[in-house]
Amino acid sequence: MTVLDSLAPCPVGRWSHAHVTVERVPSGPISLRRDAGRLHVTHSLGPEDLSERLVADVTASIAGSDLGREEFELTMVGLVRSTVPDALDSWVTYYRNSLTELLDGTAEFAPIHDMAAELVRGRVLDLGSCFGFLPLRLARAGVAVTATDILPGTMTLLDAVAPRLDLAVDTLVCDAAHVPVPDCSADTVTAIHLLEHVDAATGAAVVAEALRIARERVVIAVPFEDEATACHGHVRTFDLPALHALGESTGRTFEAFEHHGGWLVLDAR
């Protein structure tokens, strides 16, 4: 697949990348059909519908459709881009709506962001930031924060959107297990809903890297699922005993608890 540029020009109301096309139509729910190896998605969303809430809506819409992670992510990008004509305006709309819902508590992920904001101390480096909603939320509260992600496109997008939201966030493209920053260069390192995307060995490497970087603490959050959600890119599940085992494996003082999923807070030093 060619590299995804989520800001690339597209016809009004229609967005395509690789084998996925998303088109805005006058009316109707989010619908998917396959034809000769292509995936065609139609919808009638308006700008007010663009937010992280769409993740749950799309997940419900694709039940039984065997959508993989790549197709799910392309569908999400296409929904945003086909709803608002200007590329950057579409993303600013998506980010602004999402942040509003995260801050007013109406977003499903809001309790997780609230807990993360409560647990961080000082300067923060966030691993696996994806769109960067947590770094933006922290920046809005006056926290100095660096967002990181392995995908250059997500950090390019965050660099473009943050100034339009009057927020300052540093960005870094890197693997969460190999972060090119000095030891003890952040007070808190966060990994919020990251470890479920990687296998156990990689996850252990990510935790070790977070402990290397953090001066004070590492804050980890994971979903508790009976089965890994493949369309979201999840490859393993966690429960509270698994988090306790992960904490014990580090040899550091830690706290593990449940709050809209699971949390592990490690003392870095």
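Predicted model: local features only at pLDDT ≥ 70, side-chain atom pairs only at ≥ 80, totals over all residues.
Biologist: OK, into the middle then. Which residues touch the most other members of the largest nonpolar core?

Modeller: A nonpolar core is a set of buried Ala, Val, Leu, Ile, Met, Phe, Trp, Tyr and Cys residues joined through side-chain atoms within 4.5 Å. Buried means under 20% relative accessible area, exposed means over 50%, and partly exposed is in between, using a 1.4 Å probe and protein chains only. The largest core has 56 residues, and those touching the most other members are Trp 91, Tyr 94, Tyr 95, Leu 136, Leu 165, Ile 192 and Trp 263.

Biologist: And how many residues are in the second core?

Modeller: That core is separate, and its members include Cys 174, Ala 176, Val 179 and Leu 266. As a general point, nonpolar side chains tend to be buried together in soluble globular proteins. The second core's count is 28 residues.

Biologist: Let's look at rings. What type of aromatic pair do Tyr 95 and Phe 131 form?

Modeller: Rings of Phe, Tyr and Trp (its six-membered ring) pair if their centres lie within 6.5 Å; planes under 30 degrees apart are stacked, over 60 edge-to-face, and the rest tilted. The whole structure has nine aromatic pairs. In this one, the centres are 6.1 Å apart with 90 degrees between the planes, so by that rule the pair is edge-to-face.

Biologist: How many residues apart are Tyr 95 and Phe 131?

Modeller: Helices (H or I, at least four residues) and strands (E, at least two) are DSSP runs numbered from the N terminus. Tyr 95 sits in helix H3 (residues 87-104), while Phe 131 is in the loop between strand E5 (124-126) and helix H5 (133-140). Both are buried, and the pair links distant parts of the chain, 36 residues apart.

Biologist: What about Phe 257 and Trp 263: how many degrees lie between their planes?

Modeller: Both of these residues are buried. Their rings are 6.3 Å centre to centre and count as stacked, with the angle between planes being 5 degrees.

Biologist: Now Glu 71 in helix H2. Which side chain does a 2.7 Å polar contact join to that of Glu 71?

Modeller: Glu 71 counts as buried, because its relative accessibility is 10%. Contact means heavy atoms within 4.5 Å, and leaving aside neighbours within four places in sequence, Glu 71 is in contact with His 19, Val 20, Arg 34, Leu 39 and Asp 66. A polar contact is a pair of N or O atoms within 3.5 Å; within protein, one must be able to donate a hydrogen and the other to accept it, and residues adjacent in sequence count only if both atoms are side-chain atoms. The 2.7 Å partner of Glu 71 is His 19.

Biologist: Is Thr 83 buried or exposed?

Modeller: Thr 83 also has its place in helix H2 (residues 69-83). Among the residues in contact with Thr 83 are Arg 24, His 43 and Leu 50. With a relative accessible area of 9%, Thr 83 is buried.

Biologist: Over to strands. Which residue in the turn between E1 and E2 has a positive phi?

Modeller: Two strands pair if DSSP finds at least two bridges between them, and E1 and E2 pair in the antiparallel sense over four bridges. They form a hairpin with two residues between them. Most residues other than glycine have a negative phi, yet a positive phi of about 55 degrees turns up at Ala 18.

Biologist: Which residue in E4 is the bridge partner of Glu 23?

Modeller: E2 pairs with strand E4 (residues 38-43) in the parallel sense over five bridges. The bridge partner of Glu 23 is Thr 42.

Note on methods. Residues numbered from 1 in each chain as written. Heavy atoms only, no water.
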